[in-house]
Amino acid sequence: MTLKNTEIQKAEGKLGVLIPGLGAVSTTFIAGVMLIRKGLKLPKGSVAMMGKLRVGKGDDAHYVPIKDFVPLADLKDMEFGGWDIFEDNAYEAAVKAGVLQKPDLEPIKEELSSVKPWKAVFFNDYVKKLHGTWVKKAPNYWDLAQMVKEDILNFKKEKNISRMVMVWCASTEIYQEMKPGVHDTIENFEKALKESNKYIAPSMIYAYAALDLGIPFANGAPNLCNEIPALRQLAEKNKVPMGGRDFKTGQTLMKTIIAPGLKARMIGVDGWYSTNILGNRDGEVLDDPESFKTKEVSKLSVLDNIFQPDEYPALYDGYHHVVRINYYPPRGDNKESWDNIDIRGWLDYPMQIKVNFLCRDSILAAPVVLDLVLFFDLAQRASMYGIQEWLSFYWKSPMFEPGEQPIHDLFVQLMKLKNTLRWLMDVPPVTYLGSETYD
Ligand SMILES: NC(=O)c1ccc[n+]([C@@H]2O[C@H](COP(=O)([O-])OP(=O)(O)OC[C@H]3O[C@@H](n4cnc5c(N)ncnc54)[C@H](O)[C@@H]3O)[C@@H](O)[C@H]2O)c1
């Protein structure tokens, strides 16, 4: 991340929120913002909207809501645009997703129905379980990217938008590794676009279109997408903030809450077995082994980073970490997860922890989308660009600069986020030294 060197621009005018994928997460997010700005619901789960920062010391110390501390966009100024491989508008998609109940959707039915998806960039090889009908056709991938740009620029003009942010909320694509000669430089990537190279995923085309237009890009799924060097370079070249990957919700959120506690008390771990049942479209997509592999890699990376088995072999060397996701339609979006953690304490005596989390996946993800939209917009107005490590708090697999390490511990991530906000506003960071006991 490159740090600010100028004043933060004011959040004036409308903020366009561009979303590939009008599914469970994004419609829950959009509907939520519409309900909140009507004063009908509270933005629970959003750190940007509900969180506070303590500033000052001793008698001067006081808590300030984050939304008043930094100049964030007003929810009333948000306009939503998106793409999907199905033609359903956001209201119809929300009803199908079945996350929010109809009485909650009623007061915003008209507004939500007005969000109609543009045709998607979609290649079936990348999401094998879905067969979309609302899909762009063009002679090559370069032309597809131009069509995505046209959608964005038309939307900007039509809605009189001054700034935009794109958040990928579409399905998880198959597992992919970086391909030299295609993904490594902007030039190779653009050439590969013109040749419709098979190593270019749809998510990369959306990310390319956004970054090329100077629009911040956040990747909510675990696909490779903007991680590739070509798109990192494009973000640096155009001075655009970006980040990813994979919203931190559900079981992984729990993991990054519990694991730092075990580690802090030097409690050993023999194994951590995690299993889930999930019945929404995301679950169906993840039922394909190639899409699941992408998710699995993202979910598995978390514990190693927190436990540091190389530094603490007596506690964590060779611990077993297993993650399973089972598609089970009756549950819809209401995922249930079970964790069995085999731990070891004093004199190597074994103990167990069982966690049974009955969560609602999209209810946890929607405030993450909101915070990312608000903070990526803030980052851009503060002239911060490249990977935004200070937003690691929101990701299962936070992107990081080459040669650095990602941070997975939720509490370290939160401190980094809050201290970055303090730094932006020229307030001293909190170090917990001396009598500084605030967060
Ligand atoms: N819900 C969570 O807690 C959570 C957490 C982390 C990551 N995610 C990720 O967020 C994404 C969305 O999750 P969801 O539950 O909303 O899934 P969903 O299946 O309900 O929605 C995804 C939507 O994307 C559409 N789509 C697929 N490929 C597309 C393309 N190329 N262009 C445009 N649209 C496309 C699908 O038709 C679908 O409507 C998934 O990748 C999921 O893995 C979700």
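This is a predicted model: local features need pLDDT of at least 70, side-chain atom pairs count only at pLDDT 80 or more; totals for chains, interfaces and linings use all residues.
**Reading the ligand shell, a buried helix and the sheet**

Student: Which residues come nearest to the ligand here?

Tutor: Of the 35 residues around the ligand, Gly21, Gly23, Val25, Ala221 and Arg281 come nearest. A residue counts as near if its C-beta atom, placed from the backbone, lies within 6 Å of the molecule. The elements giving two or more residues to that shell are helix H1 (24-37), strand E4 (78-84), helix H12 (281-286) and helix H15 (361-381). The largest share, 4 residues, is from H15. Helices (H or I, at least four residues) and strands (E, at least two) are DSSP runs, numbered from the N terminus.

Student: How do the residues of the shell around the ligand divide into nonpolar, polar and charged?

Tutor: Ala, Val, Leu, Ile, Met, Phe, Trp, Tyr, Cys and Pro count as nonpolar, Asp, Glu, Lys and Arg as charged, and the others, Gly among them, as polar. On that scheme the shell has 21 nonpolar, 9 polar and 5 charged residues. Domain 1 (14-247 + 363-424) and domain 2 (251-358) each supply at least three of the shell residues; the bounds come from an automatic or database domain assignment.

Student: Why is helix H9 largely enclosed by the rest of the structure?

Tutor: Call a residue buried if 20 or more other C-beta atoms lie within 10 Å of its own, exposed if 12 or fewer, and partly exposed in between, with C-beta atoms placed from the backbone. In H9 (residues 202-212), 11 of the 11 residues are buried, so the helix is largely enclosed. Among its packing partners are helix H7 (141-159) and helix H10 (229-237), where contact means C-beta atoms, placed from the backbone, within 7 Å.

Student: And what is the strand order in the open sheet?

Tutor: Strands pair if DSSP finds at least two bridges between them. Here 7 strands with parallel pairing run in the order E5-E4-E1-E6-E7-E8-E13. E5 (118-119) and E13 (386-387) are the edge strands, each pairing on one side only. H9 packs on this sheet, touching E1, E6, E7 and E8, and its direction makes about 155 degrees with that of E6. For such angles, axes are lines fitted to C-alpha atoms, for helices over the stretch in contact, and values run from 0 to 180 degrees between N-to-C directions.

Definitions and conventions:
Residues are numbered from 1 along each chain as its sequence is written. Two residues are in contact if their C-beta atoms, placed from the backbone, lie within 7 Å.
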